[in-house]
Protein chains: 2
Amino acid sequence: MELKPALYLIPVSISNAPLRDSLPEGNLDIIRQLRYLIVENVRTARRFLKRCDPGFDIGGVTFFELNRHTDPMEVSGYLEPLRKGEPVGVMSEAGCPAIADPGSLPVSIAQREGLKVVPLVGPSSILMSLMASGFNGQGFSFNGYLPIDQKERERSLKELESLSRKNDMTQIFIETPYRNNRMIAAIVSALRDDTLLCVACDITDPDHESVKTRSVAEWRRAKYDFDKRPAIFLIYSRNSVSHKR
Amino acid sequence: MELKPALYLIPVSISNAPLRDSLPEGNLDIIRQLRYLIVENVRTARRFLKRCDPGFDIGGVTFFELNRHTDPMEVSGYLEPLRKGEPVGVMSEAGCPAIADPGSLPVSIAQREGLKVVPLVGPSSILMSLMASGFNGQGFSFNGYLPIDQKERERSLKELESLSRKNDMTQIFIETPYRNNRMIAAIVSALRDDTLLCVACDITDPDHESVKTRSVAEWRRAKYDFDKRPAIFLIYSRNSVSHKR
C-alpha cells in the first residue's frame with residue numbers, strides 16, 4: 001500500500017534487544033517507503049536502518065540532520081518534500097522522537113502548516129519505567145534533567161518530593177549515565193525515609209534490564225552500582241490525603 | 001525459550017488497527033506462555049488474546065479480575081503463582097497497564113516483595129499524542145481527568161496554563177469521550193488566545209487518527225466534532241523566559 005504523505009515519527013530501539021521485541025513489524029513497512037528522513041545523526045541512523053532491513057536502499061534516502069548544531073531556520077526546509085506530497089520521517093537516536101530530543105521542532109512546524117503528523121509505536125523508557133515502578137500512573141510529570149549544582153539539585157529534589165505529596169503525582173527525571181550513582185546519593189541524602197525511589201535501567205534489554213522500587217531508607221542501606229548504564233529515576237511520596245476527581 | 005518468572009506488563013491495542021502495526025511481535029511469544037493473567041475484564045481480555053492468536057489456549061489460563069469492584073486485599077493473592085516461580089501477566093483494557101488504570105496495585109506489591117517486573121512495549125495515547133503535538137517533550141505532566149464542575153474546571157485549566165508557562169511544560173489531560181466537545185468549549189473560553197491546544201484522537205487508527213495543534217484563538221473559530229471519539233488534550237503556553245538546566 002502506498003504511504004500517505006505525512007510526517008512519520010519513528011521510534012528507534014533503546015537496547016540491543018532483537019527489534020521484534022521492541023518495535024511493531026508495521027513500522028518497517030513505513031520505514032521502507034520513506035525517501036526523506038530527519039535524523040539526529042546520519043551515521044547511527046544508517047546503522048539502525050540496516051538493522052531494520054539489511055537490504056535497505058540507504059543510497060536512495062535523503063537525510064536531514066537535526067541536532068544542537070542545526071540552525072533552527074533551516075529546519076522548515078526539511079519539510080519541503082512533505083509540502084510537495086512526499087512522506088518524511090523523523091527519527092531520534094534512541095526511543096521516541098520529539099520526547100526529550102530536538103525532534104519536536106519539525107513537528108511543530110508541520111502542525112502550524114496543517115501538515116499531517118503520524119506517531120508510531122515504540123519503546124519509551126519514561127513510560128515503561130512508570131508502568132513497572134508501581135507508582136501512580138494516573139498523574140505524573142517528566143522533568144528532564146535536574147540542576148547539576150549540589151545546592152540547586154537538593155532544592156529541586158525536595159520540591160519534586162513535595163509536589164508528589166501535594167498532587168499525588170509520580171515525578172520522573174533523568175541523569176547523564178556516569179552521574180547515576182551520585183544522583184542516588186543525592187536523593188537518599190535529601191529526601192524523606194518513606195519516599196519511594198524507583199531506579200529503572202537498561203529498559204528493554206533482555207539481559208540487563210532492572211526496575212527496582214525501594215524506600216529512600218532502604219536505598220540508603222542498599223548496595224548498588226548503576227554507573228554508565230542508561231537509567232531513569234522516579235520518586236513517589238504518598239500523602240494520606242490526596243485530591244481525586 | 002522458557003519464560004523467566006516475572007510480572008509481565010502487557011500493552012493492549014487502542015484501536016482496530018492490525019496488531020502488527022501497534023504491538024511488537026515479541027510480545028506474542030510472551031503472551032502465549034502465560035498461564036496467569038490479571039485483567040480488568042475477563043471477556044474483553046479473552047477477545048484480545050483470540051485476536052493475538054486465534055489458536056490461543058484460553059482454557060488453560062487462570063484470570064484474576066482487577067477493577068473498581070476488586071477488594072484491594074485480594075490483589076496480593078493474584079501474585080501467588082509468581083511467588084512460586086510462575087510468570088504472571090497484567091493487561092489493561094486498552095493501552096499500557098498501570099498508566100491511567102488500576103494495574104499499578106499488583107506492580108507495587110511485586111516491587112515491595114522484590115519480585116521481578118518486566119514492562120513490554122505498546123501504544124500509549126499519552127506519549128504518542130505528545131510526540132505528534134509538536135509541544136515540549138523535555139518536560140510534561142499528565143493530569144488524568146480534570147474536575148467536572150464548571151467553575152473548578154475553569155480554575156484547573158487556568159492553573160495548568162500558568163504551570164505550562166512558568167515551567168515550560170506540556171500539560172496533558174483526558175476526558176470521557178462524550179464530553180470532548182464541551183471540554184474544548186471550556187478550554188477556548190478559559191485560556192489565552194496564544195496558548196496552544198492539541199486535540200489527539202483515535203490514536204493508531206489508520207483511518208480516523210487525527211492530531212491537531214492550533215492556538216486557542218484558532219480553535220475558537222474552528223469547526224470541530226470529537227463527540228464519542230477517544231481523545232486526549234494537550235496544552236502548551238510558551239513564555240519568552242523559561243528556565244533550562
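In which sense, parallel or antiparallel, do β6(A) and β6(B) pair, and over how many bridges?

1. β6(A) and β6(B) pair in the antiparallel sense over 3 bridges, where two strands count as paired if DSSP finds at least two bridges between them. In this pairing, Phe140(A) has Phe142(B) as its bridge partner in β6(B). Helices (H or I, at least four residues) and strands (E, at least two) are DSSP runs, numbered from the N terminus.

2. As to provenance, this is a predicted model, in which local features need pLDDT of at least 70 and side-chain atom pairs count only at pLDDT 80 or more, whereas totals for chains, interfaces and linings use all residues. Residues are numbered from 1 along each chain as its sequence is written, while chains are lettered from A and ligands numbered from 1 in the order in which they are written.

3. The β6 pairing belongs to an open sheet of 10 strands with mixed pairing, ordered β9(A)-β8(A)-β10(A)-β7(A)-β6(A)-β6(B)-β7(B)-β10(B)-β8(B)-β9(B). Its edge strands are β9 (210–215) of chain A and β9 (210–215) of chain B, each of which pairs on one side only. Direction ignored, neighbouring strands of this sheet are turned by 15° against each other on average.

4. Within chain B, strand β7 (residues 170–174) and strand β10 (residues 231–236) pair in the antiparallel sense over 4 bridges, and Phe173(B) stands opposite Phe233(B) in β10(B). Helix α6 (residues 125–133) of chain B packs on the sheet, where it touches β6 (140–145), β7, β8 (196–201), β9 and β10 of chain B, and its direction makes about 45° with that of β10(B). Axes here are lines fitted to C-alpha atoms, for helices over the stretch in contact, and angles run from 0 to 180 degrees between N-to-C directions.

5. Between the chains, 47 residues of chain A are in contact with 47 residues of chain B, contact being counted if the C-beta atoms, placed from the backbone, lie within 7 Å. On the side of chain A that touches chain B, the elements giving two or more residues include α1 (25–33), α5 (104–112) and β5 (117–119), but β6(A) gives the most, with 6 residues. That side divides into 26 nonpolar, 17 polar and 4 charged residues, with Ala, Val, Leu, Ile, Met, Phe, Trp, Tyr, Cys and Pro counted as nonpolar, Asp, Glu, Lys and Arg as charged, and the others, Gly among them, as polar.

6. The same surface serves both copies, as 98% of the contact residues of chain A recur in chain B.

7. In chain A, the axes of helix α7 (residues 150–167) and helix α8 (residues 180–190) come within 10 Å and cross at roughly 60°. Arg153(A), Glu154(A), Leu157(A) and Lys158(A) in α7(A) meet Ala186(A), Ile187(A) and Ala190(A) in α8(A). By class, this contact has 4 nonpolar, no polar and 3 charged residues.

Definitions and conventions: Contact = placed C-beta atoms within 7 Å.
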